[in-house]
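Dear colleague,

Please find below the structure that I am handing over to you. My notes on it follow directly after.

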Amino acid sequence: MTQPTTQPTLAIEIDITHIERNPKQPREWFNNDELNNLAASIREHGIIQPLIVTPANGNGIHTLIAGERRLIAAGRAERQTVPAIIRGVTSEQDYLILALVENVDRSEMTPVEEGNGYIALRAQGMSNAEIARKVGVPDSRVGNCINCAALPEQTRALINKGQLFISNQF
């Protein structure tokens, strides 16, 4: 896999109000109970794995690359700051690729959300094979997820709620 961004640096504490959501984040659904459990864990133990963010823009705002669940849970745990690694991103395509890499192997990301991310990369001219190589998944998974994202809205809703598929494995 090619390295689309620069290497991370040391983790620093960043005010959570200075971090915005990745606009290319394909994941839209988060389990509320799991977020509450994570918030309880953060209250007890803190955040063990730093978030990954871009360098601050002119307004001092960082864009989140990885760690959205931790950021949401940190807010619920009433934390003012979170540990973060600042990492440069060279293109908007890299935002989406890194968000997919961060989430693709997690059971919480649905095949529909994954497929939406792949569709966005296809719209930027990438082939299924190129997407699969950059994200680190089989070509067939890319195609299957794209097919899930193209299903009727009611079917996609059942998938997103976990009522149609038990896992995102095909």
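Which residue in β4 is the bridge partner of I52? The partner of I52 is A66. Helices (H or I, at least four residues) and strands (E, at least two) are DSSP runs, numbered from the N terminus.

This is a predicted model, in which local features need pLDDT of at least 70 and side-chain atom pairs count only at pLDDT 80 or more, while totals for chains, interfaces and linings use all residues. Residues are numbered from 1 along each chain as its sequence is written, and side-chain values use heavy atoms, with hydrogens and water left out.

Strand pairing

Two strands are taken to pair if DSSP finds at least two bridges between them. Strand β3 (residues 51–53) pairs with β4 in the antiparallel sense, over two bridges. Strand β2 (residues 19–20) is also joined to β4 by two bridges, and these two strands run parallel; here E20 has T63 of β4 as its bridge partner. Strand β4 (residues 62–66) is largely enclosed by the rest of the structure, because five of its five residues are buried (under 20% relative accessible area, with exposed being over 50% and partly exposed in between; 1.4 Å probe, protein chains only).

Helix packing

Helix α4 (residues 111–123) packs against helix α7 (residues 153–160) at an angle of about 115 degrees, and their axes are 8 Å apart. Axes are lines fitted to C-alpha atoms, for helices over the stretch in contact, and angles run from 0 to 180 degrees between N-to-C directions. P111, V112 and E113 of α4 meet R156, I159 and N160 of α7 in this contact (heavy atoms within 4.5 Å). The residues of the contact comprise three nonpolar, one polar and two charged; Ala, Val, Leu, Ile, Met, Phe, Trp, Tyr, Cys and Pro count as nonpolar, Asp, Glu, Lys and Arg as charged, and the others, Gly among them, as polar.

Cysteines

With a disulfide defined as a pair of cysteine sulfur atoms within 2.5 Å, the count is zero. C145 is in no disulfide, the nearest cysteine sulfur being that of C148, 6.0 Å away. C145 is buried, at a relative accessible area of 0%, and C148 also counts as buried, at 5%.

Confidence

The chain has a mean pLDDT (the predictor's confidence in each residue, from 0 to 100) of 82, and 87% of its residues reach 70 or more.

Yours sincerely
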